[in-house]
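This report describes a model of two protein chains, beginning with the contacts inside one of them. Please look at the sequence and the structure before reading on.

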Amino acid sequence: MSENFERHAYDILIIGSGGAGLRAAVAAAEGGAKVAVLGKSLLGKAHTVMAEGGVAASLGNVDPADGWETHFYDTMRSGHFINNYKMVEVFAKEAPDRVLELEQWGAVFDRTPEGRIMQRPFGAHTFRRLAHVGDRTGMEIIRTMEQKILTVNVDVFQEITATKLFIDNGRVAGTVAYYREDGRFALFTAKAVVIATGGWGKAYKVTSNSWESTGDGAALAFRAGAELVDMEMVQFHPTGMVWPPGVRGLLVTEGVRGEGGLLRNSEGERFMEKYDPQRMELSSRDVVARSIYKEVQAGRGTPHGGAWLDITHKGPEYIKRKLPGMYQQFMALADVDITKTKFEVGPTIHYTMGGIKVDALTCATNVPGLFAAGECAGGLHGANRLGGNSLADILVFGKRAGDGALEFIQGHEGTPKVEEAEVQAEIERVLQPVGQESGENPYALHEQLQEIMANHAGISRNGPELEQGLQKMLELKERAKSMSAPGSRTFNPGWHSVHDVRNMITLCEAIIRGAIERKESRGAQWRLDHPDELEEYGKINFVHKMEDGEVKTYTSPVAEMTAELQELFQLGAAPGIAKSGKKE
Amino acid sequence: MAEEITLSVFRGDRSGGREQEYKIPAVPGMVVLDALHYIQAHQAPDLAVRWNCKAAHCGSCSAEINGSAKLLCKTRVDDYTDEVIHVRPMHTFPVIKDLVTDVSWNYEKLRQIPAFQPAIKAPFTLHQRDVDRIQEFRKCIECFLCQNICHVLRDHSAKDAYWGPRMMIRMAELQMHPLDTADRIDLLKGSAGIGYCNITKCCTVVCPQGINITDNGIIPLKERVADKYFDPLGGLVRKMHK
Ligand SMILES: Cc1cc2nc3c(=O)[nH]c(=O)nc-3n(C[C@H](O)[C@H](O)[C@H](O)COP(=O)(O)OP(=O)(O)OC[C@H]3O[C@@H](n4cnc5c(N)ncnc54)[C@H](O)[C@@H]3O)c2cc1C
Ligand code: SF4
Ligand code: SF4
Ligand code: FES
């Protein structure tokens, strides 16, 4: 039985309408291309909307000594030097322009007394660097992009899910997608495709991420031949809510610590003194998350297994002005008034550093015509992401991916083709579970997947547990072949989950394989059986490829920084500090 | 808190439907969205509901709970002790399925609002006191609960005549931006239909972001319209001081 489907032809197709996708769309459309953007949600609701704390850019509005060199230095150090340094360099240099451009497009950041964009301190940033709007910076960015996109010529397709990338003669040719509303299909052919589908934090149960974060684009690209890098690097944010159970994992922005919040254990001790006496609460995320975990393991946890976070000393007025969302969140969901009392926090999955391997300047993948930007791409953050760097990432590389795709279509003649039979075969595969009463329940499989990841590839890891986890994941992969989705095609979340689960299984396998191979501890990867950071592993990234349907893992050398950039690490302090002669 | 809670959820599509009861175990701190997710995972996998953030940031999960327009992720089930919790889709927008409605009309209207047109190039010098007012409006999460509740749209289906409170505060935010140069006053008076708002403040009451839609947004806009149309000199003075 053959299915009717819509046909759309574009120059550049962008999959993902978060910050990265929308920024790419603006770049591509301003270059004159015919552009479409697809998103699984309504416009303006993508995961980016949840970002709270701020966007990192060395504007130097409050600390004039800041500059791109120091942002570069902080980012490389936090990433434990397995970052793609070329990405970090363009990132640090371009972030200020991308933020100012938002102001031009209507974003209204908090202001300094001089009337410039306000910047707040954040973990492991040498200077006060995060431009912000209270604790709703992501919303401001996505809203600004949403409004900007209406002024350029871009077709936006809402609530539509892409399920497969087509390849013609080695070059990307387009995608097939279904409308969530009624399950009808559409073929999108394009001369270039940008993946901007975000991360896969939903692979873990205790997570700050939204349902969208199932790594679709990374999985699609991987199956189409793109390489994945640094997959073992999954960030635990140190402060998620831990109580009540209904909100476990929900983010408590780092802004609370940025604004002066203190962490204490059940004995009232400011335990960060033991783990990072210099930076204390504002140490990097991997360090703070591990410290909380260690305190809980040592029996010094709070009643529900976390640490205390206390900001009451700042006074109610200040807290309500600077952290209104947090104040409300705790009042409404936990009956806790954070202006009056300390509250419990604990590590929650927050961000996936790894992802599609891309060229630092153009965001091109190894598949001709295929580009990737934002959380779905890997390389910028290395072994650990700095807070605020993701919002800057999606702006800088969103634009670069849009420009890269433009350049590609200008340099490559013709339009690749998609065979009718291939489209029909994919539609048939996607429809298969609909209306099936018997088969695996996708919700149950998702829960089991989360359990495997929590127990076998969580905050602390070791070889035997990872190996077991891999076996369990491979078993799950088999079972997932017969998922069912009772009901019709009309807005059927069970059916939607089928695709999410399949994509997460693919990526989780790569996460575990990478974690097994990296026999050391570095950034987010903490191996109890290999507790030290080892020089030889600082020289490699683990790269995964799909070969005949199997995930294969290789190593790839970390590119060596130029002599000029290396010098930035030899000044005895962060560049901005060393140059201004101030003490760190 | 009861061990078991009962939800009565609208199930249906464009062709109609009715409420169906589900009993689920209560968990401390559970919000209505959690309860619906439990139903999805264990009883009705195809139950349709929109959500993203579960933190009142994205404005996806708007619905009517026991007759009040609310966010599902911000409404605790223990607010309703010993009561059946009735969950229905927003009334003002056509149902797609279950709790999911077709809100595309709002996006069409957003598209018709002239964008921000700054007089100068960033970086801007703007003081916090100059932006406090518009930052309040920019807190909007586009949940469209205000659109749902505004009687002009809800009871009179006057969507052709009046664009509703969400669009009013979007325009307020732009009109009151100290550096914006575009003029939306004619639009407000004309096809956006600000005159239809009779200041009942129902929109302000339901706004989950606590935006003072009527007092801070709509009324000042109405004054600007009045100034321009009925007091040309005042309008001119105001424009110079924008
Ligand atoms: C609670 C929270 C707070 C955060 N705070 C900060 C912060 O303060 N500072 C900071 O820098 N970072 C922060 N982050 C991280 C940051 O928000 C994200 O990493 C970033 O927004 C990712 O943007 P993106 O554009 O790459 O992807 P997303 O915003 O995740 O967008 C992905 C898009 O792809 C679409 N999509 C996915 N799959 C498909 C498919 N199959 N077909 C079609 N479309 C698809 C989705 O619908 C969505 O539109 C935070 C994250 C969370 C969860
Ligand atoms: S105040 Fe105006 S916009 Fe708000 S609900 Fe009443 S009539 Fe509608
Ligand atoms: S103004 Fe308030 S109620 Fe209306 S859409 Fe925005 S957040 Fe929702
Ligand atoms: S899920 Fe985002 S507002 Fe409720």
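In chain B of this predicted model, 63% of the contacts between residues at least 6 apart in sequence join residues that are at least 24 apart. For chain A, the corresponding share is 73%.

**The two chains**

Chain B contains 10 helices and 7 strands, and its C-alpha trace spans about 65 × 35 × 30 Å along the principal axes. The mean pLDDT of chain B is 93, with 94% of its residues at 70 or more. For the model, the scores are ipTM 0.93 and pTM 0.95.

Chain A has 17 helices and 19 strands. Its radius of gyration is 23 Å, close to the 25 Å that the globule rule gives for 584 residues, so chain A is as compact as a globular protein of that length. Along its principal axes, the C-alpha trace of chain A spans about 70 × 50 × 50 Å.

Charged side chains occur in both chains. Chain A carries 65 positive and 78 negative side chains, and the centres of these two sets are 3 Å apart. In chain B there are 31 positive and 29 negative charges, whose mean positions lie 7 Å apart.

**Backbone details in loops**

Which form does the peptide bond from Trp243(A) to Pro244(A) take, cis or trans? This bond is cis, with omega near -5°. Pro244(A) sits in the loop that runs between β11 (234-241) and α6 (255-258) of chain A. In chain B, the peptide bond from Ala122(B) to Pro123(B) is cis, with omega near 0°. Pro123(B) belongs to the loop between α2 (104-111) and α3 (128-137).

Two residues have a positive phi although neither is a glycine. For Cys363(A), phi is near 65°. Cys363(A) lies in the loop between β15 (355-357) and β16 (370-372) of chain A. Is Cys363(A) buried or exposed? With a relative accessible area of 1%, Cys363(A) falls under the 20% limit and therefore counts as buried.

For Ile199(B), phi is about 55°, and the residue is found in the loop between α7 (185-189) and α8 (202-206) of chain B. The relative accessibility of Ile199(B) is 34%, so this residue counts as partly exposed.

Conventions
Residues numbered from 1 in each chain as written. Chains lettered and ligands numbered in written order. Predicted model: local features only at pLDDT ≥ 70, side-chain atom pairs only at ≥ 80, totals over all residues. Heavy atoms only, no water. Helix = DSSP H or I, 4+ residues; strand = E, 2+ residues; numbered from the N terminus. Rg over C-alpha atoms; globule rule 2.2 N^0.38 Å. Contact = heavy atoms within 4.5 Å. Lys, Arg positive; Asp, Glu negative; His and termini not counted. Charge placed at Lys NZ, Arg CZ, Asp CG, Glu CD. pLDDT = per-residue confidence, 0-100. Buried < 20%, exposed > 50% of the residue type's maximum accessible area, 1.4 Å probe, protein only.
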